[in-house]
Amino acid sequence: MSPFESIPAQVVQLQVLLGAALTRIRQLEQENAQLRERLRQNSTNSSRPPSSDAPGAARAKKKRKRRRRHPGGQPGPPKHERELVPSESVQRVVELMPERCQHCQRELKGKDAEPQRHQVVELDPVKALVTEYRSHQLKCAFCGMLTRAEVPREARSAFGERLGASMSLLVGKYRLSKRLVCEVLSDIVGVHVSVGSVSNLEQQMSAALKAPVEQAQEHVRNAAVVNADETGWAQGVKEGRAARAWLWVVASALVVVFRIATSRGSQVIKALLGEDFLGWLITDRWSAYGGYDAGLRQLCWSHLTRDFQGFIDRGGQGGRIGSKLMAERNRMFKWWHRVRDGTLERRMFQQRMSKVERKVGELLRQAQACGEKKTAGIARQILRLEKCLWVFVDVPGVEPTNNYGERTIRQGVIYRKISFGTRSERGSRFIERILTVVTTLKQQKRNPLEFLTAALGAYRRGLPPPSLLPGSASAQAASGAA
């Protein structure tokens, strides 16, 4: 066999090797493109939080002409000063009388009818109030039976209601660990508490808050407008690592309800709002919300803004389409802010928005057909929910963003970053209930310590708990006291 006869076989072999090499090169190019895209991700073009951005990696700031301003307060904004406490609420008054004239040194007499007032606010030494119950045992003169008086039901815990409420507040609102709660009480109040006692009191408080939270959830189910959001959580340990869970929130204007679940599926939001929820729902594009009527759902334009920025950052035809979408988005928000401020009538806003709606739809369809795979996929997802983009245009009270929902869930996000989640389902129930209470009371400008004290007191006495609802008697009493 001559050497030339083997050439065709070698050519075929080289073609096979070349084909495999080209396939591998295409795979590596795709992986490289994906890794480069991940490196370009930040809070402006993805769902990553701003805290994850590297220095200088966030949105490029426009260069502005540097102004020579001095540090501190600037001229223009109104001055903020501490208001004086009314005279009838002052506990101690020190009269300062000048003795001699500062000019001629002669003796001064009389009294100023309107002296200048200066107040110093101080704390009295904080001291725990200890109540001792002495149960006497007496012998019956007739039958000889010994009978001991029982401690009242509400006093059987070693810690009073306000102290127990303070512990729960330090954990749920101020995000202190149980060990730090013990140290705070020891340093400031002089009360020595074990970590186990803090945990036991948390479970008492969790049981005390069960009914008010369920009532609050029912209130949100019947609200006209609800914001919903979810974020990652950790509950317990699975295979040596923190087990995955999710923190959910549903928020009406004055009532906010949290729920920690081991699922991110639609069954959680349906358990919170019910399957027949008929209010307006403001969310992101997460598929769990897909079970609700698209005509009653508003998509968050903050998320859409990040998607459009992602189009721009990926470049090419999708980038050019993204720039046009961003221009329409900017025009829409400019008009919306005027509607919100009362400088543009909603009727005029609706007329102007018809062109924006039509243009955004055309651009999204162009993006769906472009050659950039990820851009086309995101455009396809948005178009499936196109009806949900424009609900806020026609419905007063519906916002174009889910910023309110994200603000309310931020308390839980910070807690997760500090505590790394919860260790058990029982711990999750306490956290979701205490977050519900403190966030709702903040919206209603009510005192959380007073509410928690009343709730724990009612639970220990077997009485009806206070209500979280804004129109309740306890809410009116709290607002009247404030």
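Among contacts in the protein chain between residues at least 6 apart in sequence, 62% link residues at least 24 apart. Keep in mind as you browse that this is a predicted model. Of the chain's 482 residues, 37% count as buried. The secondary structure comprises 14 helices and seven strands.

Some whole-chain values are handy to have side by side:

| Property of the protein chain | Value |
|---|---|
| Radius of gyration | 32 Å |
| Span of the C-alpha trace along the principal axes | about 125 × 85 × 50 Å |
| Separation of the mean positions of positive and negative charges | 5 Å |

For a compact globule of 482 residues, the radius of gyration would be near 23 Å, whereas this chain has 32 Å. The charges number 79 positive and 46 negative.

An unreviewed UniProt entry annotates residues 182-428 as "domain: Transposase IS66 central". Over that stretch the chain is 58% helix and 15% strand, with 21 Å between the end C-alpha atoms.

Now let's zoom in on Gly-318, which sits in helix H7 (residues 316-341). Is Gly-318 buried or exposed? Its relative accessibility is 2%, so Gly-318 counts as buried, the cut-off being under 20%. Beyond its neighbours within four places in sequence, Gly-318 is in contact with Phe-311, Cys-370 and Thr-375. Leu-304 lies 14 residues away along the chain from Gly-318, and their C-alpha atoms are 15 Å apart.

Terms used
Residues are numbered from 1 along each chain as its sequence is written. This is a predicted model: local features need pLDDT of at least 70, side-chain atom pairs count only at pLDDT 80 or more; totals for chains, interfaces and linings use all residues. Side-chain values use heavy atoms; hydrogens and water are left out. UniProt positions are given in the numbering used here, feature names are shortened, and annotations may be inferred rather than shown by experiment. Helices (H or I, at least four residues) and strands (E, at least two) are DSSP runs, numbered from the N terminus. The radius of gyration is taken over C-alpha atoms; the globule rule is 2.2 Å times the number of residues to the power 0.38. Buried means under 20% relative accessible area, exposed over 50%, partly exposed in between (1.4 Å probe, protein chains only). Contact means heavy atoms within 4.5 Å. Lys and Arg count as positive and Asp and Glu as negative; His and the chain ends are not counted. The place of a charge is taken as NZ of Lys, CZ of Arg, CG of Asp or CD of Glu.
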